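Have the chain open and click through as you read.

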Amino acid sequence: MSGHGIEVWGILNVTPDSFSDGGRYVDAGAAIAHARRMRAQGADVIDVGGESTRPGATPVTPEEEQARILPVVRELVREGIRVSVDTVHAATARAAIEAGAEIINDVTAGEHDPALLGAVAEGGARLVLMHSRGLDVTQDTRYGDVVAEVAAHLRARLAAAVDAGVPRERIMLDPGFGFSKEPEDNWRLLAGLGAVGRIGLPLLIGTSRKRFLGTLLPEGARPEERDAATAATAVLAAQRGAAAVRVHDVASTVSALRALVATAEAAPDPALRPQPRSGAISLTGVRARGHHGVLPEERRDGQEFVVDVQLVLDLGDAIDRDDVHATVHYGELAERIVADVGRDPVDLIETLADRLAALCLVDGRVEHATVTVHKPQAPIAVPFGDVAVTVHRSRERSDWVVL
Ligand code: PMM
């Protein structure tokens, strides 16, 4: 990788019918020129494919596929460019490794041609195992839990590859964006990438110009117009631990990833960051009138409620500056509680306590609020001391990790 945090793989489809750049690089000279351009833009690897997975594309024989890609692979390797070959055929994998390809990228993870796994093992290449349900990418798009099912399938294919002799440390996994997946499945996979990453192998992500990104654009937008969303998904994938992204437009993704790296590098050194001093502010016995309750007389006459609040927050700034503006002002909080108890009657003190906890979290400094609402005059037919409900609420923290 070269300064953009994760590997960027440039896609080179030497096919007459790939969905976004089909036909443009079918001539070896044009393909090589495009690969050089992608390298200059920051691509770490060029992923060369000679057979399109586009719906309705005509299948090619391994011989035809090799005739398309091998001259390109040989020249790129000669120029010191790292090459991956996107193929489902063992014969092509063998020939590509022979021509110097470092990686074999199989969108069927060895299911289409099981001999491919052995060919990669023998040739000593690296291997990408991608999730798919066969080569017709429009078929079989039903999932219960797409993230769990993709992860389970990849684990099974990983076991098959290791059985065939490919060392585990030479394998990357790919969730197969767009392969037998509806748009919402692709978004779920991106959001849940961490679960696929927990298999413990590097992840390659191929969202580039895929149809689910087209749903973000006006009808009729061209595939190239999906490059901004592609770059955004590359950043999101990097934040979720992806090791590599496979893209058509290298320049836009490389610069987007550089923005992520620059932000991560600009974050203060953890050793120099002010240490949080977590603490709590307690405010108890706040008395307020309200008309909450199930009975008509409670709604009509109202009664006294007593509220206890405990707020957990970082008090470091307030302590350092000795300034009330740097913390939650308990006097103002008490007044807001009294005002809130006095408005909009509800049946349950549970509802009221939750409403008050939400009110406490409006102040962005509060991490956690515990609110107890007592109802000392509750209509209970037997003598009693107190009745109260306590609600806990925490601020939701995003689990995004920056590189
Ligand atoms: N997508 C395509 C082809 N090959 N390989 C991997 N590992 N991951 C992908 O997501 C993937 C792939 C289809 O897209 P293209 O026709 O633009 O190459």
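Let's start inside: valine 150 has a relative accessible area of 0%, so it counts as buried. Keep in mind that this is a predicted model.

**Around valine 150**
- Valine 150 sits in helix H5, which covers residues 146-163.
- Leaving aside residues up to four places away in sequence, valine 150 touches His131, Pro175, Lys181 and Leu189.
- For a sense of span, take arginine 258: it is 108 residues from valine 150 along the chain, and their C-alpha atoms are separated by 29 Å.

**The eight-stranded sheet**
- Eight strands make an open sheet with parallel pairing, in the order E6-E5-E4-E3-E2-E1-E8-E7.
- The edges belong to strand E6 (171-174) and strand E7 (204-205); each has a single partner strand, so one side of each has no neighbour in the sheet.
- Which way do the side chains of E5 point? Arg126, Val128 and Met130 go one way and Leu127 and Leu129 the other, and all of them are buried.
- With five of its five residues buried, strand E5 (residues 126-130) is largely enclosed by the rest of the structure.
- E5 runs parallel to strand E4 (residues 103-106), and four bridges join the two.

**Helix H2 and its neighbours**
- H2 lies across strand E1 (7-13), strand E2 (45-49) and strand E3 (82-86), and it runs at about 170 degrees to E3.
- H2 (residues 62-78) also meets helix H3 (residues 90-98): their axes come within 10 Å and cross at roughly 20 degrees. That angle is why H2 counts as roughly parallel to H3, the cut-off for that label being under 35 degrees.
- The crossing of H2 past H3 is right-handed.
- What does each helix bring to the contact? From H2 come Pro62, Glu65, Gln66, Ile69, Leu70 and Val73, and they meet Ala91, Thr92, Ala95 and Ala96 in H3.
- Sorted by class, that contact has seven nonpolar residues, two polar and one charged.

**The four-stranded sheet**
- There's also an open sheet of four strands, ordered E9-E10-E11-E12, with antiparallel pairing.
- Strand E9 (278-290) and strand E12 (388-394) are the edge strands; each has a single partner strand, so one side of each is left without a neighbour in the sheet.
- From one strand to the next, the twist averages 15 degrees.
- Strand E10 (residues 303-314) and strand E11 (residues 366-374) run antiparallel and are joined by eight bridges. In E11, valine 373 is the bridge partner of valine 307.
- Helix H13 (residues 330-341) packs on this sheet, where it touches E9 and E10; its direction makes about 40 degrees with that of E9.
- Helix H14 (residues 349-361) packs on the sheet too, touching E10, E11 and E12, and its direction makes about 150 degrees with that of E11.

**Aspartate 354 on H14**
- Aspartate 354 is in helix H14. Is this residue buried, exposed or partly exposed? Its relative accessibility is 28%, so aspartate 354 counts as partly exposed.
- Not counting residues up to four places away in sequence, aspartate 354 touches Val391 and Arg393.
- Alanine 369 is 15 residues from aspartate 354 along the chain, with 9.7 Å separating their C-alpha atoms.

**Two loop residues with positive phi**
- Serine 180 has phi near 55 degrees, a positive value in a residue other than glycine. You'll find serine 180 in the loop between E6 and helix H6 (183-191), and at 0% relative accessibility it counts as buried.
- Arginine 209 has phi near 60 degrees, again positive in a residue other than glycine. The loop between E7 and helix H8 (211-214) holds arginine 209, which is buried, with a relative accessible area of 7%.

Methods:
Residues numbered from 1 in each chain as written. Predicted model: local features only at pLDDT ≥ 70, side-chain atom pairs only at ≥ 80, totals over all residues. Heavy atoms only, no water. Axes fitted to C-alpha atoms, helices over the stretch in contact; angles between N-to-C directions. Parallel < 35°, antiparallel > 145°, perpendicular 65-115°, else oblique. Left-handed = near helix turned anticlockwise from the far one by under 90°. Contact = heavy atoms within 4.5 Å. Nonpolar A, V, L, I, M, F, W, Y, C, P; charged D, E, K, R; others polar. Buried < 20%, exposed > 50% of the residue type's maximum accessible area, 1.4 Å probe, protein only. Pairing = 2+ DSSP bridges.
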